[in-house]
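Me: I have a model open and would like to read it feature by feature. Could you take me through it?

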Amino acid sequence: MTWYLRSVAATYPNLTALYSIGTSVQGRELWVLVLSSSPYRPIVGQPNVKYVGNMHGNEAVGREMLLHLIQHLVTQYQHDTYVRWLLDNTRIHIMPSLNPDGFSVAKEGTCQGGQGRYNSQGFDLNRNFPDYFKSSNKNSQAETEAVKLWIARIQFVISANLHGGALVASYPFDNSPNTRPGTEDCHRKPLCGVFQQFYSSPSLTPDDDVFRHLASTYSFNHATMHLGLPCKPGASAFPNGTTNGAQWYPLTGGMQDYHYVWHGCMDITLEISCCKYPRETKLRDFWRDNKKALVRYLGEVHRGVRGFVMDPQGNPIEDAALKITGRDVGFTSTKYGEYWRVLLPGSYKIEAYAEGFLPRQDEFYVEESNPTLLNITLFPDHRNESPSPPSSSGGRPAGGLMSAASSDVVAHQEIRRRPVNFVGGPNTLQGSAPQREGALGGIANLLGSVSSRVSNFFSSLG
Ligand SMILES: [Zn+2]
């Protein structure tokens, strides 16, 4: 795989760049290939998307499909108008294997079982992330830490992680505040999974409509996933080939919930093969079934709202806390002030908060055909500098701000207590909000702990 990725990067330097986000426990590089019409110079305003495969080392189909996808994108750029549009407008990051150590001990032709599932220390990487709903005290693994630093540094808008053992697109939340004892990982115990669906309840995000849409985009562009057929008699069947993660079976420490809650990235889990590690001869069929879905899913980043958060002079505001009103999982602006949010057609309000600025709310409308462009100007908050408090109407620029000065102040004070990446939360009472250092400490750590080679890659590719 390393040889292949290096050769693609060498053959297509105008479309690809190879970087590593760190190494596995046993020292294997965690490669990422970025694909874009400007791979070495990120274009300001272009959204980042990604795929991660093989985090369970014995689930090999995702890894192989991502290598096929790379080959497809670089060879079709000149011939396929959709592929060309995608690479001209999107930065696509592909990590074929998050668990190369596990893969190295997995056995081809093994459809079930767990040999190679875990990393070399015996940890399940999809149970190794901080969890919003439940305390999780597992030792954070090298592979997990690499992903945490990666997604703290690059703001991914949508993504997916590829698995095997079922055929379904699963969306957050994977965990819920009311998991029944003994039902975790139920699908891996005989018969438990058959009954699980009858008594487990969904754990829905405030962006449930978007997540259902994203999962359906994959399943309906897949040759058979949307049929929702069980992998074998007695196994789970899924209407339309999609499911809420917790409704299928709840799990603690999953990667997709972490992406969404901590970083506002809409990540879903794609189970793309009933057999975890089929014979090589089957790969042609898997590629035929997944090709269109893999390509079309990435294009979904180009719907919703996007723009820049700026001060009155037009300077970008980094790390502004943003949320869509009524959808209390937040996201932030980048160092260039860029922001993106995937939304279905409709009318919305967006709220923006930044240290030293007055909070602001803007209304906008999303259409099916194109993303809405909405720049947000934040005005400095001079109220704390004034020797006497300003009158309710004094010092506030007209237009765009929240209606009453008093609610303005309340909102502003409230946001200072909130972590940047999580404003509010659908289940705030049941869970504990993530620590602020999860995001901000990550960037600081990145500078200190990741090798300069990787940092250089990040700064050139971010
Ligand atoms: Zn898996």
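Me: How many bridges pair strand β13 with β14, and in which sense?

Reply: This is a predicted model, where local features need pLDDT of at least 70, side-chain atom pairs count only at pLDDT 80 or more, and totals for chains, interfaces and linings use all residues. Residues are numbered from 1 along each chain as its sequence is written. Strands are DSSP runs of E, at least two residues; helices are runs of H or I, at least four; both are numbered from the N terminus. Two strands pair if DSSP finds at least two bridges between them. Here β13 (residues 346-353) and β14 pair in the antiparallel sense over seven bridges. Glu-351 has Gln-361 in β14 as its bridge partner. Six residues lie between the strands of this hairpin, and Gly-356 takes a positive phi near 90 degrees.

Me: What is the strand order of the open sheet?

Reply: The order is β11-β10-β13-β14, four strands with antiparallel pairing. β11 (327-332) and β14 (360-366) are at the edges with a single partner strand each, so one side of each has no neighbour in the sheet. Neighbouring strands are turned by 30 degrees against each other on average, direction ignored. Such angles are taken between N-to-C directions, from 0 to 180 degrees, with axes as lines fitted to C-alpha atoms, for helices over the stretch in contact. β10 (residues 321-324) pairs with β11 over three bridges. Ala-321 has Thr-332 in β11 as its bridge partner.

Me: Which residues have the most contacts inside the largest nonpolar core?

Reply: In soluble globular proteins, nonpolar side chains tend to be buried together. A nonpolar core is a set of buried Ala, Val, Leu, Ile, Met, Phe, Trp, Tyr and Cys residues joined through C-beta atoms within 7 Å. Buried means 20 or more other C-beta atoms within 10 Å of the residue's own, with C-beta atoms placed from the backbone; exposed means 12 or fewer, partly exposed in between. The largest core has 103 residues, and Leu-33, Leu-35, Ile-70, Ile-94, Ala-320 and Ala-352 have the most contacts inside it. Helix α2 (residues 61-76) gives the largest share, eight residues.

Me: Is Phe-286 buried or exposed?

Reply: Phe-286 is buried, because 20 other C-beta atoms lie within 10 Å. Phe-286 is in helix α10 (residues 283-299). Gly-62 is 224 residues away from Phe-286 in sequence, yet 9.5 Å away in space, C-alpha to C-alpha.
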